[in-house]
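Take a walk through this model, one region at a time.

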Amino acid sequence: MGVKARAQALPGHEIGVDEQRGLSVDGLLPSTVMRPEDAEDAARGLRLCDLAPAAVVVWGGGTQMRLGASPRRYDVAFSTERMTRLLEYEPADLTCRVEAGMRLSDLQAALHAQGQRLPLDPPHPERATVGGMVAANTNGLGRGRYGTVRDWVIGIAVAYPSGKVARAGGKVVKNVAGYDLMKLHIGALGTLGVVAEVNFKVQARPEMEATLLAHFAAPAPALEVGLKLAHQYLAPASAIVQDGDGGRWDLALKLEGYVREVEAAKEQAIRFVREAGSALEDAAISPAFWDAARDWSTPTDDEVVLRAIVPLTASPLLVAAVPAGARVLAQPASGVVDVRVPAPSAAETLSRLRTAAGAEGQVVVVAASLAVKQSLDVWGPPPSGFPLMRALKQALDPNGILNPGRFVGGI
């Protein structure tokens, strides 16, 4: 069957070369594209793909498309770009329901108009979508204070290759029915179903914000101060440790809350920093700094990004294992350490970090080119519960059409 005949046999609309290239994943190009209008339309589209069968790669804003292993097949680009509505919003109840294709920046703008926000800030919120954030489990720099995506999702609607839409959870914070279904799809990279709608709980915007920047001679004391602050009454909203110029290590802090709380927390942070023998900058940290830190794990060049998640007290040992020539952004309050490394040294660095992380930690490749992915074990060894994961994949996607091969163990 020729390329044109194959495209005509697939569900969806044929696309030109330029659009194909824009929707490419690790060098693979789709033959057609589907753009469902809502959850039910998405389910109908997936059913057509399942009957073909046609391999589907789900697209939101495209900010996390370098995450995961390369797809085994790719026939249809399944875009949520038309599913962008804010379906329900109850400011008095601090809840909202949105379609998966809504941009994070648009959702935040609607919430901000009512003095509220969703305290999740994944990279590139002007492009990142709600569904992509849930599927990739991208949390931003506030994980230590505000938790993860899982902590803010209270309901979900998922479209399956069977042509059905399943709904779990609810529209109120106390409703926990179907919570296991929600957990199943958070971070699954769309390999089990397509997230179509999400219900969130939200919160009031903080009354005050303050920032601090301290400089250390080594990473260990900076990480120690960051972890110490995380255990205080008002933990930092964000705390990051980065390698700076000339061997310097920087600790950047963002404090949020009521005025009196923030002022007290700032005084405490200054005291901890000075007790550690560090120097403080007088000027506040600019919003551009935090934007760059938020987007740090999604480089536009060919650098490889590795992410380690380790017990909080193990961060200094992990950072100590990072070789010269690599760069680090660590979150001491959550045990997340991102490492950017040149492609030629990615394999050696990945091996070193996995050794340092040990059995209690995990190191994955979150961004890499196709050439680098082919030489790396992107996800590492499957977890002990992998047989259950594989059984769920078989039950929900028996023909294996959803993002085939991109997740752990080739799921």
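Helix H8 (residues 219-230) packs with helix H9 (residues 259-275) at an angle of about 150°, and their axes are 10 Å apart. Helices (H or I, at least four residues) and strands (E, at least two) are DSSP runs, numbered from the N terminus. Axes are lines fitted to C-alpha atoms, for helices over the stretch in contact, and angles run from 0 to 180 degrees between N-to-C directions. H8 and H9 are therefore roughly antiparallel, a label for angles over 145 degrees.

This is a predicted model: local features need pLDDT of at least 70, side-chain atom pairs count only at pLDDT 80 or more, and totals for chains, interfaces and linings use all residues. Residues are numbered from 1 along each chain as its sequence is written, and side-chain values use heavy atoms, with hydrogens and water left out.

Which residues of H8 and H9 meet? From H8 come Val225, Lys228 and Leu229; from H9 come Ala269, Phe272, Val273 and Glu275. Contact here means heavy atoms within 4.5 Å. By class, the contact of H8 with H9 has five nonpolar, no polar and two charged residues. Ala, Val, Leu, Ile, Met, Phe, Trp, Tyr, Cys and Pro count as nonpolar, Asp, Glu, Lys and Arg as charged, and the others, Gly among them, as polar.

Now turn to strand E12 (residues 208-216), which holds Leu212. Leu212 is buried, because its relative accessibility is 7%; buried means under 20% relative accessible area, exposed over 50%, partly exposed in between (1.4 Å probe, protein chains only). Beyond its neighbours within four places in sequence, Leu212 is in contact with residues including Lys266, Ala269 and Ile270. Its C-alpha atom is 8.1 Å from that of Asp282, 70 residues apart along the chain.

Asp180, in helix H7 (residues 179-185), is exposed at 57% relative accessibility. Asp180 and Ala237 are 57 residues apart in sequence, with C-alpha atoms 28 Å apart.

Next, the backbone. Most residues other than glycine have a negative phi, and most peptide bonds are trans. Ala52 and Pro53 are joined by a cis peptide bond, with omega about -15°. Pro53 sits in the loop between helix H3 (39-51) and strand E3 (56-59). Asn137 has a positive phi of about 55° and is partly exposed at 29%. Leu189 also has a positive phi, near 55°, but is buried at 9%. The loop of Leu189 runs between H7 and strand E10 (194-201).

Note on methods
Angles under 35 degrees count as roughly parallel, over 145 as roughly antiparallel, 65 to 115 as roughly perpendicular and the rest as oblique.
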